[in-house]
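Here is a short report on one protein chain. Keep the sequence and the 3D view side by side as you read.

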Amino acid sequence: MTELSPVGWLADQRLLWAALAFGSWLLLCWLCLVRPPRPKAMSSVTASEWLIAYASQSGAAQDIAERLLPAFHQHNLQPALLPLNALHPDALSGYSRALFIVSTYGEGEAPDNGASFWQRASNARPDLTSLDYSLLALGDRRYSDFCGFGRQLGDWLDGTGAKAALPRHEADRLDTYVLHAWHRRISQWTGLKLQAPSSAPFSYWTLCGRTQLNPESPGSPAWLIRLLPVGELPDWRAGDLAEVRIGSILRTYSIASLPEDGALELIVRQVVNDDGSAGQGSGWLCCHAEPGAMVEIQLRSNPGFHLPEDNRPGIFIGAGTGLAGLRGLLRQRQRLGCPDSWLLFGERCQQHDRWLAEELDAWTTEGTLLLDRCFSRAGDQPEYVQHRLAAKADQLRQWVDRGASIHVCGSLAGMGNEIHSLLQAVLSPQQWQALQEQQRYRRDLY
Ligand SMILES: Cc1cc2nc3c(=O)[nH]c(=O)nc-3n(C[C@H](O)[C@H](O)[C@H](O)COP(=O)(O)O)c2cc1C
């Protein structure tokens, strides 16, 4: 056996360490260069490729779109959730999979938060061959152009080369069978557990007050109806809607009060049929139901008609029962101390149709409300809200330049359509575009 001198032993140890260091370095190189990279986590690959886009006038399509999010989040996916107007058609090529949930408004038209997208899309044909999509169209077969906008959007997508991953689904009045079928199919497609929205349950309310707003008016009687909940008062926001079930009849009304008022108030016009009989739903609410009667109601969020988050000036335009939605908004602004509200309200006759006079006149006296009442049966010249607005076009332009939002509530045929055309005619293209893009033009029309 040879004995190592201390110097030789030290040299051997150095050699050993050098060999070890060299070996580690080689291993590191192999790990970095030779081994293939591990696939990126699923979430980071697919996070930005998903799009959920909606176009919704009274909130149903938006609600369906928003309720899809939690299932995506559970899988660490962060899809973009946007109203169509927030997208440029070309930007769709940035996504590889999309869900479109769109309703139809007007006469087969896009809802307001899809209208400017559609205007741009009509002149654009981006290459969307790498986009797979599914489309759920909401509509109502009682309109002649059933799901008209959904169908146009689907045809346009197909024309761009986008591939429909599933057949188009069309839901008539939120038909639960179709909604469940669509959710099942997209669950299979995406591999996510997506639940069809179960609509909020109806709850019971008691009829506790009914005041006629237009005694002796030549128009049909209109009533302010007050209801108290059985149980706790639920929460809602100014601009929201109430679905009222009377037997087999379902009617949607704009809510005219705030939760802070302690009761739900609606403005209901008593419909009189051609044969003189009272309309089924309104007849019961306005005449036949006794105080204390039970009413089944479901509250529905209507985000497209809420107030903007700040206290910018607000223009409120409506006729007849359209005052309901506007009154909720005006009450909210009064509570928040917003200074500049301008209401243009149209009804029939000066003498008997000063609806909610006490309340509105108090606000004008305080200086927080500018009120233009227009009467269609006044003197020789009938005056509608669109006439008054046209006469005050300079003031309208000034308010819009100061950043005012515009809310319109009432019937689409006639008032809603005419206000729409008038705004387009008297505002500059820049003002009109800004109103739409900044969502400062909001409508609750029926
Ligand atoms: C003023 C108005 C016009 C409408 N026009 C149509 C139409 O032309 N075709 C259709 O299928 N549905 C039409 N609808 C029905 C809506 O598309 C349907 O109620 C839908 O569920 C609303 O969804 P949203 O709340 O997302 O806007 C119309 C509804 C309203 C209030």
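## The FAD-binding FR-type span

UniProt places the feature "domain: FAD-binding FR-type" (unreviewed entry) at residues 200-308. UniProt positions follow the numbering used here, feature names are shortened, and annotations may be inferred rather than shown by experiment. The span is 39% strand and 8% helix, and its end C-alpha atoms lie 25 Å apart. Helices (H or I, at least four residues) and strands (E, at least two) are DSSP runs, numbered from the N terminus.

This is a predicted model: local features need pLDDT of at least 70, side-chain atom pairs count only at pLDDT 80 or more, and totals for chains, interfaces and linings use all residues. Residues are numbered from 1 along each chain as its sequence is written.

## The Flavodoxin-like span

UniProt lists residues 50-187 as "domain: Flavodoxin-like" (unreviewed entry). Here the chain is 36% helix and 22% strand. The end C-alpha atoms are 14 Å apart.

## Around the ligand

Which residues come nearest the ligand? They are Ser-56, Ala-60, Ser-103, Gly-139 and Tyr-143, out of 25 around it. A residue counts as near if its C-beta atom, placed from the backbone, lies within 6 Å. Helix H3 (60-74) and strand S4 (132-139) each give two or more residues to this shell.

## Contacts of Leu-266

Leaving aside neighbours within four places in sequence, Leu-266 is in contact with Ile-225, Ala-242, Tyr-253, Ile-255, Ala-256 and Ala-324. Contact means that two C-beta atoms, placed from the backbone, lie within 7 Å.
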